[in-house]
Amino acid sequence: MNQTERMTIEGFARARLPALLRFGYALTGNQEAASDLVQEALVRTGARWSWRARREDPEGYTRRVMINTNVSWWRQRRREWPTASPPDRGYDMQYRDYELWRALSSLPARQRAVLVLRYYEDLSEAQAADLLGCSIGTVKSQSAKAIAKLRAILEASALEAK
Amino acid sequence: MNDIERALRRALRDQPPVHADPRLVKAVLLGIRKRRRAVLAATAGGTATAAGAAVVIILALTGTSGAPGGANPAAAPAGGIPWTNRTAPVYTPPPARSLAAPTAKYAACTASDLTGKAGDVSLGTGRITQYIVLSNTGAHPCTLSGAPSTLVGVRANGRRTTLATGNTAGTQSFGFTGPANLRPGQSAQVAIATTDMCSAASTGGTDDYSTVTVRIGTSGAVNVSLPRARPLNVICGAVGVSAFGVPGTSSDQSSSPLNVLTASAAMPGTVTAGTTARYTVTLHNPTGQAVALSRCPSYMEFMSPLGTMPGSGASRYYLNCQAVSIIPAGGSVTFDMQISVPGTTGDAKYGWALQGTSVQTGGSVTITGP
């Protein structure tokens, strides 16, 4: 990668970093995991930057890498700590919607990604399917399963609190 | 859209504003450069490892330099309020009061009743929401119903463009309850949502409006100047305008009387894997009034090796409120703490937070083998 191309990816990173960090936070619910995810994705995006900048949407590619990397990390964590409780929101988090964030963190990364794309990015089912590389039917079923699981967790949590 | 979907949308978009912190942006850019160097070194047969690079990056993010825990005392000071083994549940915010939808109580507000100013900006991935605050500066109560009949954007050069007509944000409530019954001095809001999800925005393109004109029915319009640093950028075209309303009441931690406290932790710089570490947390009350721990607060603590999800495996306990029930004005109370050290050696982060408050502290520590 020559100097010009490096400057270009850094310029892209600088311009889009806040939005990518917010996307990472929505995917992970964790500030530092989001930072790590963005760094990993931008390094990969930059690997063939000049080609990507010419041929495809670099931001779309970066977001795809973030989703896939998060799924991969989630699987790795699950193997390492099969009985661990769901990841907590970091100590630096606010506690608004705490239960919902906690419930979200218990979802498989793929299901969470579907919810983020549908309810945060406002993507259609077709757009989400395209980004995730799956069928529209899969997006529908994953979304329905995730919502049902969230509801079950939140209802159980509300009962515990009584 | 059902209740869960609405709550989900709100929670995902209601992120802490820390994401726009330039220090974090700088740290991430630095991390990318370091990670890239590590990849290149690994490719070239160097000794850099992904794990090593990750440590460097996370230390950069946390602003820690040198060995983690190096700034901490070698041993935690003793003599605090004894730790108590009383576990606590995960904090559950009190349920928000469910309010019946209001009905219009007064005559309709006219443009001459209202003055406007730019409110907060909410940043969601792909969506940026500019809130406009409209205050009843007239002499009589009035009701603001529906949505702006038109929203006109005015560029710095004075050129005007109609950005939206009526409620173009559909059923998205933006947390507002309407119509807004406004006594003199009271305010309502309207949200203007734009997006930055387009290639033009990705390459830094702008289509900025420095002023918006909110037309109130047929009575006239209210002009609102936006801060020079954050004009309304509609480069991606779509503009969603909400109905008028009053922000809903929230029952989050912001109302906790304990939020005046500050916390600081003293953790040994090195702890042993698989053991229980002892440390202290000092709560300081900088105000001139004593803070009562009358409803005994609980706290959350965690210690997570770098490279794992920070905050995983958190524990929750109550403070020892039998030993101390008040933090005097200008005073401090130190509590002894215990935490299970993970079995993984290496650098780690720890965190401590009073549940349901904004009181929190944390730092870095090195976990060594037994």
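**Exercise 1. Is Gln130(B) buried or exposed?**

Work this out on the predicted model shown above, then describe what surrounds the residue.

*Step 1.* Now compare its accessibility with the cut-off. Buried means under 20% relative accessible area. Gln130(B) has 5% relative accessibility, so it counts as buried.

*Step 2.* Who are its neighbours? Leaving out residues up to four places away in sequence, Gln130(B) touches several others, including Val121(B), Val190(B), Ile192(B), Leu226(B) and Arg230(B).

*Step 3.* The side chain of Gln130(B) comes to 3.3 Å from the backbone oxygen of Gly119(B).

**Exercise 2. Take apart the open sheet of four strands in chain B.**

*Step 1.* Read off the order: β5-β4-β10-β11 of chain B, with antiparallel pairing.

*Step 2.* Find the edges. They are β5 (160-165) and β11 (221-225) of chain B, each pairing on one side only. From one strand to the next, the twist averages 25°.

*Step 3.* Count bridges around β10(B). Strand β4 (residues 150-154) of chain B is joined to β10(B) by four bridges, and one pairing to look for is Leu151(B) with Val214(B) in β10(B). On to the next pair: β10 (residues 211-215) of chain B is linked to β11(B) by five bridges. Here Val212(B) has Val224(B) as its bridge partner, while Thr213(B) has Asn223(B).

*Step 4.* Look at how the chain turns. β10(B) and β11(B) make a hairpin with five residues between them, and Gly217(B) in the turn has a positive phi of about 55°.

*Step 5.* Ask how covered β10(B) is. Four of its five residues are buried, so the strand is largely enclosed by the rest of the structure.

**Exercise 3. Does the length of helix α2 of chain A agree or disagree with its number of residues?**

*Step 1.* Helix α2 (residues 31-47) of chain A has 17 residues, and at 1.5 Å a residue it should span 24 Å. Watch out for the counting: the expected span is 1.5 Å times one less than the number of residues.

*Step 2.* Compare with the model. The end C-alpha atoms of α2(A) are 25 Å apart, which agrees.

*Step 3.* Check its cover: 15 of the 17 residues of α2(A) are buried. Helix α6 (residues 109-119) of chain A is mostly covered too, with 10 of its 11 residues buried. Leu115(A) is one of those buried residues.

**Exercise 4. How many residues does the largest nonpolar core have?**

*Step 1.* The largest nonpolar core has 50 residues, and Leu115(A), Leu150(A) and Leu12(B) have the most contacts inside it. Helix α1 (residues 3-28) of chain A gives the most to this core, with 10 residues.

*Step 2.* Among the residues it touches are Leu104(A), Leu115(A), Ile4(B) and Leu8(B).

Terms used: Residues are numbered from 1 along each chain as its sequence is written. Chains are lettered from A and ligands numbered from 1 in the order in which they are written. This is a predicted model: local features need pLDDT of at least 70, side-chain atom pairs count only at pLDDT 80 or more; totals for chains, interfaces and linings use all residues. Side-chain values use heavy atoms; hydrogens and water are left out. Two strands pair if DSSP finds at least two bridges between them. Helices (H or I, at least four residues) and strands (E, at least two) are DSSP runs, numbered from the N terminus. Axes are lines fitted to C-alpha atoms, for helices over the stretch in contact, and angles run from 0 to 180 degrees between N-to-C directions. Buried means under 20% relative accessible area, exposed over 50%, partly exposed in between (1.4 Å probe, protein chains only). A polar contact is a pair of N or O atoms within 3.5 Å; within protein, one must be able to donate a hydrogen and the other to accept it, and residues adjacent in sequence count only if both atoms are side-chain atoms. Contact means heavy atoms within 4.5 Å. A nonpolar core is a set of buried Ala, Val, Leu, Ile, Met, Phe, Trp, Tyr and Cys residues joined through side-chain atoms within 4.5 Å.
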